[in-house]
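Subject: Structure handover

Hi,

Here is the structure I promised to pass on to you. Have a look at it first, and my notes on what turned up follow below.

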Amino acid sequence: MDVLKIIDHYYGDGDSKLKSLLLNHSQSVAQRALKVAENHPELNLDKEFLYDASMLHDIGIIECYAPSIYCHGWADYICHGIIGSRMLRWYGVDNRYARVCARHTGAGLTQEDIVRQELPLHATSLMPETIEEKVICYADKFFSKTHLGEEKTLEHVERSLSRFGKEGLERFRQWHQIFS
């Protein structure tokens, strides 16, 4: 799969601050996910899928409003996963990649999370299910889009996740035991 062709389709084939941010962040996530695969051959992870899905997981940010990271779209930022999922489906990409987009926010979102937090999302489970979905969700937590190239410490990731409840933090800790 040519992930750059897909990104160019939505972001243009030129250079922009948003496209550069997306590529930089996604590359960091991909490298962390591939490191998990390298360190854990027993997990039998699909490395090509990990790389490609990591590169595409945040494609939906282009439609969101977050001016501090060059996003000047119409949607709440929390919707970027669902939007990216739709974009990939419209492009004709295999549903496995679209699922990664939809399920990578936080440490996954339960239907109860969406309702309790009154998030502007359809009340459904957006939990990572496959091992690759979990690895990408896990890897993504170590990289922000505001401090490109800087890997967060485990303590920083846990502090960030704890703001949204114990369940997501506990899920992340379980992943860390498996993937670290």
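Let me begin with the make-up of the pocket lining: in the largest pocket, eleven nonpolar, 14 polar and ten charged residues form the lining. In this count Ala, Val, Leu, Ile, Met, Phe, Trp, Tyr, Cys and Pro are nonpolar, Asp, Glu, Lys and Arg are charged, and the others, Gly among them, are polar.

Before I go on, a word on the basis. This is a predicted model, with local features needing pLDDT of at least 70 and side-chain atom pairs counting only at pLDDT 80 or more, while totals for chains, interfaces and linings use all residues. Residues are numbered from 1 along each chain as its sequence is written, and side-chain values use heavy atoms, with hydrogens and water left out.

**The pocket**

The volume of the largest pocket is about 880 Å³. Thr105, Gly106, Lys141, Arg163 and Phe164 are the closest to its centre among the 35 lining residues. A pocket here is an open set of points on a 1 Å grid over the protein atoms alone, where a 1.4 Å probe fits, with protein on both sides within 12 Å along at least five of seven lines; lining residues have an atom within 4 Å of a point. Points are joined across faces, edges and corners, and the volume is the space filled by probe spheres set on them.

Helices H6 (111-116), H8 (154-162) and H9 (166-179) each supply at least two lining residues, and the largest share, five residues, comes from H9. Helices (H or I, at least four residues) and strands (E, at least two) are DSSP runs, numbered from the N terminus.

**Helix H3**

Helix H3 (residues 47-56) is mostly covered, with seven of its ten residues buried. Buried means under 20% relative accessible area, exposed over 50%, and partly exposed in between (1.4 Å probe, protein chains only). The buried residues of H3 pack against H1 (3-11), H2 (17-39), H4 (80-91), H5 (95-103) and H7 (131-140); contact means heavy atoms within 4.5 Å.

Why does Asp58 count as buried? Because its relative accessibility is 0%. Asp58 sits in the loop between H3 and strand S1 (65-66), and it touches Tyr11, Leu22, His25, His80, His104, Asp140 and Lys145, not counting residues up to four places away in sequence.

There are eleven salt bridges in the structure, each a side-chain nitrogen of Lys or Arg within 4 Å of a carboxyl oxygen of Asp or Glu. One of them joins the side chains of Lys145 and Asp58 (2.9 Å, N to O). That pair links distant parts of the chain, 87 residues apart, with Lys145 in the loop between H7 and H8. Both Lys145 and Asp58 are buried.

Another salt bridge joins Glu129 and Arg103 (3.4 Å, N to O). Glu129 is in the loop between H6 and H7 and Arg103 in H5, so this pair ties together parts 26 residues apart in sequence. Glu129 is partly exposed at 49% relative accessible area, whereas Arg103 is buried at 13%.

Arg173 and Glu158 also meet in a salt bridge (3.2 Å, N to O). Arg173 lies in H9 and Glu158 in H8, so parts 15 residues apart in sequence are tied together. Arg173 is partly exposed at 35%, and Glu158 is buried at 18%. Finally, salt bridges that share partners join Arg99, Arg103, Glu129 and Glu133 into one network.

Best wishes
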